[in-house]
Amino acid sequence: MANSKKLRLKDAALKRLLCVILVTLLGVSLLVVSLRTNTTPGLSGLDEDLSENIDIQSFSDSLNLPKLNELSIRLEKQNQLPPRNKDMYPRLAKDHITIVLYVHNRPQYLRVVVNSLSKVVGISETLLIVSHDGYFEEMNKIVEGIRFCQVKQIFAPYSPHVFTDSFPGVSSNDCKEKDDAGKKHCVGNPDQYGNHRSPKIVSLKHHWWWMMNTVWDGLKETREHDGHILFIEEDHFIYPNAYRNLQLLVSLKPIKCPDCYAANLAPCDVNARGEGWDSLVAERMGNIGYAFNRTVWQKIHRKAKEFCFFDDYNWDITMWATVYPLFGRPVYTLRGSRTSAVHFGKCGLHQGQGQSNACIDSGSVNIQVDDIDKVANIRSEWGVHVYHDQAGYKAGNVPFIQHFFSCDELRVEHLSFATVVTGEIRIIFFYSF
């Protein structure tokens, strides 16, 4: 009996040792790829020699990803470059909150949000990460002109805007809109609304998920960051007091609202400007200027399967309808009673990209900024007003997915574009809903 027990213990120990060896080898392989890509040039020389790209392509091939094209390879390398402006801002504040601005292709909007960020008190203390859904020259030039803080750009290398004539972009035999596949002799399965895949639309959700994985787990600047990260979009006007207010909310959250998952700069109702009370507010999570920490991200990432299988191209609706309900209790966020950010967009993310249809009245915005919006206006002595049972998106839509690579049995080890799945690497792209 004793010998049998010893054998079982030895067998278990051997299995654990093998697991450690396999994980170590995988980590070393990824480190080698990272080091080899870290010294390569960015987008400034699109005619440079691609002889050093074999490592990136081999890694992509091993994961069964779409074959990299020249632009996507360069974008991958660009993502490894260090932040700019470190000569002007060599050190980040110890308690800084990283800001992530995710953008598409509306330069008119981007100019507005960048201008508003330039006036934010404390902006020079932190790192601004701009996440691009593809590569657009005008958008790139605007970001390269930022001088008010450290700034790092990342580009989604598998965006349909990068693959313009093949999956995950549009393929020649794809069904479009409400085509009948049998009659049109095209390829595709319609979603629950009868619509076939529109790459430029579904990329909104894909970009959000890629950005989250990259920022939390992929970038050396943030993958060890356990504090809060603020996420904003290119049509969010940020008030001068936003950063200082957010710092206060983050510090007060464990005391005033320990059950709150996040902090928000604005009400969940995009048309609201706040109540103006002398109190904090706890309500359902909003999608304008929201910030959470790594613990919350890990809870979200564990629901990757539910996120990617939910049949809706909006990341926020997906979160409200199917991810948050799985947390087991209401998901509250803490905010002030006066907004520090405003949604000013008047059309969708992939509209308004030309001068004639900029989706901005007279090509500009006119948002009133009062003196109270220029300084922190949250008080530590305030109580918290809780909104219970707010109206919003509920779970219940029928999940549907097409052309999906693999998303079952997901575990938490995010590796660039992959996840370790029961002993093997499988892709967690979301390029077809």
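This is a predicted model: local features need pLDDT of at least 70, side-chain atom pairs count only at pLDDT 80 or more; totals for chains, interfaces and linings use all residues.
Okay, ground rules before anything else. Residues are numbered from 1 along each chain as its sequence is written, and side-chain values use heavy atoms, with hydrogens and water left out.

Let's start with helix H5, residues 137-144. By helix I mean a DSSP run of H or I, at least four residues, and a strand is a run of E, at least two, both numbered from the N terminus. Which residues of H5 are buried? Met-139, Asn-140, Ile-142 and Val-143. Buried here is under 20% relative accessible area, exposed is over 50%, and partly exposed is in between, using a 1.4 Å probe on protein chains only. Those four cover an arc of only 160 degrees around the axis, so they sit on the same side of H5. The arc is taken from the directions from the helix axis to the C-beta atoms. As a reminder, an α-helix has 3.6 residues a turn, so residues three or four places apart point the same way.

And what do the buried residues of H5 pack against? Strand S1 (98-103), helix H4 (107-118), strand S2 (127-132) and strand S3 (150-155), with contact meaning heavy atoms within 4.5 Å.

On to the cysteines. How many disulfides does the structure hold? Two, where a disulfide is a pair of cysteine sulfur atoms within 2.5 Å.

One is Cys-175 with Cys-186, sulfurs 2.0 Å apart. That link is right-handed, with 95 degrees about the S-S bond. Cys-175 lies in the loop between S3 and helix H6 (181-184), and Cys-186 in the loop between H6 and helix H7 (199-218), so the pair ties together parts that are 11 residues apart in sequence. Both Cys-175 and Cys-186 are buried.

Then there's Cys-257 joined to Cys-260, S to S 2.0 Å. This link is right-handed too, with 70 degrees about the S-S bond. Cys-257 counts as buried at 11% relative accessibility, and Cys-260 at 6%.
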